[in-house]
Amino acid sequence: MERVERIVIGAGVVGLAVARALALAGREVVILEAAEAFGTETSARNSEVIHAGLYYPRNSLKARLCVRGKGQLYAYLAERGIPHARCEKLIVATSAGGAAEIDGLRAVQARAAEAGVDLPLLSAAEAMALEPDGLDCVAALHSPTTGIVDSHGLMLSLLGDAEAHGAMLAVKAPVLGGRVTDDGLELAVGGAEPMRLRADGVINCAGHGAPTVSRALAGVPVDPIPPQYYAKGCYFALTGRAPFRRLVYPVPGQAGLGIHYTIDLGGQGRFGPDVTWTDGIDYTVDADRATVFADSIRRYWPGLPDNALHPSYAGVRPKIQAPGEAARDFLIQSPRETGVPGYSALYGIESPGLTSCLAIADMVGEWAA
């Protein structure tokens, strides 16, 4: 049985950021990834937005780590030359939504202020002057620090940093089980060459699989492990010229931020995600949902041409609250919370996990290094 100092389970953007932090701290790190490559699930199937930290309850991990992580991420991207853009964002209230959407904007504005983010409230004329090619709204919030990023380029850089300091990535290496021992944590690793590894510390960043991995480790208490739920979101790409220079979001809903407009770094416009609760991972996109998307989009862009949407991709959010329940914060457990010396676990790392990845890595590194 081979022994290593630290094992990171999961090579999404957060797992790679954690592995990088540990490697920079001088630890021997092995990253175990069940898929055939890094960052193929949640980290690759999202809007690639750098969030400003607008939506999250005061003093929550999401609020604190998003705002801190945003600054760290912009600095890292600039330093490494990773493609990104501060494209800004408008959150819009529409006439179809009535006074409730105005109230929703004020609630977002107040919550953002609690996190130290100033969001000016624009009149309809001010907002539509910023986006004169078809935006229709009755008021809007303007977020000047929202951006977009090449998530694959970011993950490639994080992995490169980690490997340059001795970390090793093993793909097609699922964690099938394991146990807590008096001499560290022992993991059973599957794949073409099954093995057993023993580590002084294990950090579970397995995303959707994080609760399953924790339950598969004998000796890890089950009470701190949350349930897992799946909220699927589909995206549709826009045929033709992108209508807006900034991102455009509706007033957020309970399980997501609404069907919003984003652009990629090549200037291609897309819309999404919607929210559909599922029983597992499902990345299919139903072309018939274009009608639902069009109805939602025309609330703030009445000029959407007919038949201009085509299926693009889907992602699945790793939720730890059931449908209809209030949104939950990130659940980031140190060994004290997991009940196992050397074992840390991260659950429910959905948006703004990409934006927060470096801040999350700093937080976990404080006890895991």
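This is a predicted model: local features need pLDDT of at least 70, side-chain atom pairs count only at pLDDT 80 or more; totals for chains, interfaces and linings use all residues.
**Helices 2 and 5**

I started with helix 2 (residues 61–80) and helix 5 (residues 151–164), which pack with their axes 11 Å apart and at an angle of about 80°. Angles of 65 to 115 degrees count as roughly perpendicular, so I put helix 2 and helix 5 down as roughly perpendicular to each other. Next I looked up who touches whom. Helix 2 brings Leu-73, Tyr-76, Leu-77 and Arg-80 to the contact, and helix 5 brings Leu-154, Ser-157, Leu-158 and Asp-161. Sorted by class, I get five nonpolar, one polar and two charged residues for this contact.

**The cavity**

The structure has one cavity of 30 Å³ or more, and the volume of the largest cavity comes to about 50 Å³. Which residues line the largest cavity? I listed Gly-207, His-208, Pro-211, Gln-228, Tyr-229, Tyr-230, Pro-318, Lys-319, Ile-320, Tyr-347 and Gly-348. Strand 14 (229–238) and strand 19 (309–319) each give at least two residues to that lining. By class, the lining has six nonpolar, four polar and one charged residues.

**Aromatic pairs**

Last, I went through the rings and found seven aromatic pairs in the structure. Among them is Phe-236 with Phe-293, a tilted pair at 4.7 Å centre to centre, with 50° between the planes.

Terms used
Residues are numbered from 1 along each chain as its sequence is written. Side-chain values use heavy atoms; hydrogens and water are left out. Axes are lines fitted to C-alpha atoms, for helices over the stretch in contact, and angles run from 0 to 180 degrees between N-to-C directions. Helices (H or I, at least four residues) and strands (E, at least two) are DSSP runs, numbered from the N terminus. Angles under 35 degrees count as roughly parallel, over 145 as roughly antiparallel, 65 to 115 as roughly perpendicular and the rest as oblique. Contact means heavy atoms within 4.5 Å. Ala, Val, Leu, Ile, Met, Phe, Trp, Tyr, Cys and Pro count as nonpolar, Asp, Glu, Lys and Arg as charged, and the others, Gly among them, as polar. On a 1 Å grid over the protein atoms alone, a cavity is a set of points where a 1.4 Å probe fits but cannot get out, and a pocket is an open set with protein on both sides within 12 Å along at least five of seven lines; lining residues have an atom within 4 Å of a point. Grid points are joined across faces, edges and corners, and a volume is the space filled by probe spheres set on the points. Rings of Phe, Tyr and Trp (its six-membered ring) pair if their centres lie within 6.5 Å; planes under 30 degrees apart count as stacked, over 60 as edge-to-face and the rest as tilted.
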